[in-house]
Amino acid sequence: MVIKNADMPQQELTKAELEMMQVIWDKEKVLVHDILDVLPEPKPAYNTVSTIVRILEQKGFVGHKAYGRTYEYFALVSKEEYTQRYMATVLDNFFDGSLSRLVSFFSKQESISAGEQAEIIKMLNKK
């Protein structure tokens with residue numbers, strides 16, 4: 001059930017890459033110092049953030065526009081596209097592609113409140 005978009009990179013993001021992408025998705029266009037400004041303490045070095053963003057660009061997740069020596073970065077893959085592909089991979093790898101197994105897993109973990117259960121049922125009924 002993995003959803004593949006021919007234009008979307010097939011790699012998964014590392015924790016550090018995902019942290020940078022969250023900022024880029026939220027702000028839409030960023031400079032490296034914009035990312036640093038919102039990262040929690042202890043903040044990584046400027047060069048570390050810059051390197052991770054360049055890796056994201058090499059992987060095809062991020063593009064840039066140059067203003068002299070300053071680069072403005074923007075997402076080439078939307079958060080929704082990445083989330084859909086990532087979750088489809090989780091579904092396939094851990095639940096044999098079965099949504100009911102996924103829901104069963106979370107219900108057994110007691111992670112789903114009664115309100116969330118009602119909301120899920122309402123969403124499924126709308127579909």
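In this tour, Ala, Val, Leu, Ile, Met, Phe, Trp, Tyr, Cys and Pro count as nonpolar, Asp, Glu, Lys and Arg as charged, and the others, Gly among them, as polar. The model is a predicted one, in which local features need pLDDT of at least 70 and side-chain atom pairs count only at pLDDT 80 or more, while totals for chains, interfaces and linings use all residues. Residues are numbered from 1 along each chain as its sequence is written, and side-chain values use heavy atoms, with hydrogens and water left out.

Select residues 29–30, 62–67 and 70–75, which are strands S1, S2 and S3; strands (E, at least two residues) and helices (H or I, at least four) are DSSP runs, numbered from the N terminus. Together the three strands make an open sheet with the order S1-S3-S2 and antiparallel pairing, where S1 and S2 are the edge strands, each pairing on one side only. Two strands are said to pair if DSSP finds at least two bridges between them.

Between S1 and S3 there are two bridges: Lys29 stands opposite Phe74, and Val30 has Tyr73 as its bridge partner. S2 and S3 are joined by six bridges; among the facing residues here are Gly63, opposite Phe74, and Ala66, opposite Tyr71. S2 and S3 also form a hairpin with two residues between them, and in its turn Gly68 has a positive phi of about 70 degrees.

Show the side chains of Glu17 and Lys59, which meet in a salt bridge at 2.8 Å, N to O; the term requires a side-chain nitrogen of Lys or Arg within 4 Å of a carboxyl oxygen of Asp or Glu. This pair links helix H1 (residues 15–27) with H3, across 42 residues, and the count by this rule comes to two salt bridges.

Next select Glu28, in the loop between H1 and S1, which has a positive phi of about 75 degrees although it is not a glycine. Then move to Pro42, in the loop between helix H2 (32–38) and H3, where the peptide bond from Glu41 to Pro42 is cis, with omega near -10 degrees.

**Stop three: the largest pocket**

Finally, select Leu99, Ser100, Leu102, Val103, Ile120, Met123, Leu124 and Lys127, which line the largest pocket. On a 1 Å grid over the protein atoms alone, a pocket is an open set of points where a 1.4 Å probe fits, with protein on both sides within 12 Å along at least five of seven lines, and lining residues have an atom within 4 Å of a point. The volume is about 310 Å³, taken as the space filled by probe spheres set on the points, which are joined across faces, edges and corners. Helices H5 (99–108) and H6 (114–126) each supply at least two lining residues, and H5 gives the largest share, four residues. By type, the lining divides into six nonpolar residues, one polar and one charged.
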